[in-house]
Structure formats: C-alpha cells, structure tokens
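Reader: I have a chain open on my screen and would like to walk through its fold with you. Could you take my questions one at a time?

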Amino acid sequence: MAKRPAFVNIGTQNYGVEYHEHLTADGSLLYGHHLHSEIKIKVNTDYPEDLQRETFVHECLHAIDCRYLNDKLSEDQVSVLASGIFDWIRSNPEAIDWVKGK
Ligand SMILES: [Zn+2]
C-alpha cells in the first residue's frame with residue numbers, strides 16, 4: 001500500500017500535507033483543512049483511513065477550486081464532487097493508469 005503523501009502538486013504549487021490528531025479550527029473539530037495562504041493541507045487522523053483519504057481528496061479539491069476557479073465552488077459542491085472523484089479514482093485503476101500515461 002502506498003504511503004500517505006507529504007506533498008501534493010496543485011497547478012504550480014507544491015502543497016505540504018500534514019496529518020494531525022484532534023484537528024480543530026476556531027474550536028470546531030475538522031475532518032481536514034485547506035490553508036491556501038500557507039500552501040498546506042491538513043488531515044485529521046482521528047477518523048478511519050478511508051475517510052482520511054476522502055478528506056485528502058476533498059481538501060485537494062478546495063485547493064484546485066482556489067487555484068483554478070477563484071473559490072467559486074460552495075462547500076456542498078466541493079463535498080459532492082470530492083465524493084464522486086474519490087469513488088471514481090477507487091473504481092477505475094486502469095482508467096487512472098491510462099490518464100497518467102502508464
Ligand atoms: Zn470543505
């Protein structure tokens with residue numbers, strides 16, 4: 001099984017990815033967090049691995065939205081798209097390899 005990533009490229013930026021127990025912001029427990037100004041994504045490790053992976057995709061989608069769409073997507077749109085992309089990636093390994101040119 002692949003290691004969880006320490007970095008992820010979004011456009012021209014190389015985001016650092018951090019994994020934290022009990023990740024909070026403003027007193028609220030979070031699944032994850034996208035910090036555009038710090039070029040960082042954080043994932044809460046309190047949750048099962050599959051949920052951490054989906055959270056990682058969700059936070060990457062926030063970064064993609066920020067980079068390519070100037071934050072036009074709503075939280076609901078990001079959530080639905082991230083779930084769909086997560087399922088698509090996991091259900092189509094051969095298609096993913098083809099997209100990667102492998
Ligand atoms: Zn979100």
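This is a predicted model: local features need pLDDT of at least 70, side-chain atom pairs count only at pLDDT 80 or more; totals for chains, interfaces and linings use all residues.

The questions and answers below go from the whole chain to single residues.

Reader: What radius of gyration does the chain have, and what would a compact globule have?

Author: Along the principal axes, the C-alpha atoms fill a box of roughly 45 × 30 × 25 Å. A compact globule with 102 residues would have a radius of gyration near 13 Å, so the value for the chain agrees with that rule. The chain has 14 Å.

Reader: Which strands are the edge strands of the sheet?

Author: The open sheet has 4 strands with mixed pairing, in the order β1-β2-β6-β5. An edge strand here pairs on one side only. The edge strands are therefore β1 and β5.

Reader: How do β1 and β2 run, and which residue in β2 is the bridge partner of Asn 9?

Author: In general, strands of a sheet pair through backbone hydrogen bonds, either parallel or antiparallel. β1 and β2 run antiparallel and are joined by 4 bridges. Within β2, the bridge partner of Asn 9 is Asn 14.

Reader: Which residues of β5 point to one face and are buried?

Author: The side chains along β5 alternate.

Reader: Why does His 34 count as buried, and which residues is it in contact with?

Author: His 34 is found in strand β5. Burial takes 20 or more C-beta neighbours within 10 Å, and His 34 counts as buried because it has 21. Val 17 is 17 residues away from His 34 in sequence and 9.4 Å away in space, C-alpha to C-alpha. Leaving aside neighbours within four places in sequence, the contacts of His 34 are Ile 41, Glu 59, His 62 and Ala 63.

Reader: Let's turn to the helices. How far apart are the end C-alpha atoms of α1?

Author: Helix α1 covers residues 49-69, which is 21 residues. At 1.5 Å a residue, α1 should span 30 Å, so the distance in the model agrees. The end C-alpha atoms are 29 Å apart.

Reader: Which elements do the buried residues of α1 pack against?

Author: The buried residues of α1 include Phe 56, Val 57, Cys 60 and Leu 61, and also Glu 54 and Asp 65. Just after α1, Asn 70 takes a positive phi of about 55°. The elements that the buried residues of α1 pack against are β1, β2, β5, β6 and α2.

Reader: Is Glu 75 buried or exposed?

Author: Glu 75 is found in helix α2. It lies 17 residues from His 58 in sequence and 9.7 Å from it in space, C-alpha to C-alpha. A residue with 12 or fewer C-beta neighbours within 10 Å is exposed, and Glu 75 has 9, so it counts as exposed.

Reader: Last one. What is the count of buried residues in α3?

Author: Across the chain, buried residues make up 20% of the 102 residues. Helix α3, residues 93-100, is hardly covered, and Gly 101, which follows α3, has a positive phi near 80°. Among the 8 residues of α3, the count of buried residues is 0.

Methods: Residues are numbered from 1 along each chain as its sequence is written. Helices (H or I, at least four residues) and strands (E, at least two) are DSSP runs, numbered from the N terminus. The expected span of a helix is 1.5 Å times one less than its number of residues. Two residues are in contact if their C-beta atoms, placed from the backbone, lie within 7 Å. Two strands pair if DSSP finds at least two bridges between them. The radius of gyration is taken over C-alpha atoms; the globule rule is 2.2 Å times the number of residues to the power 0.38.
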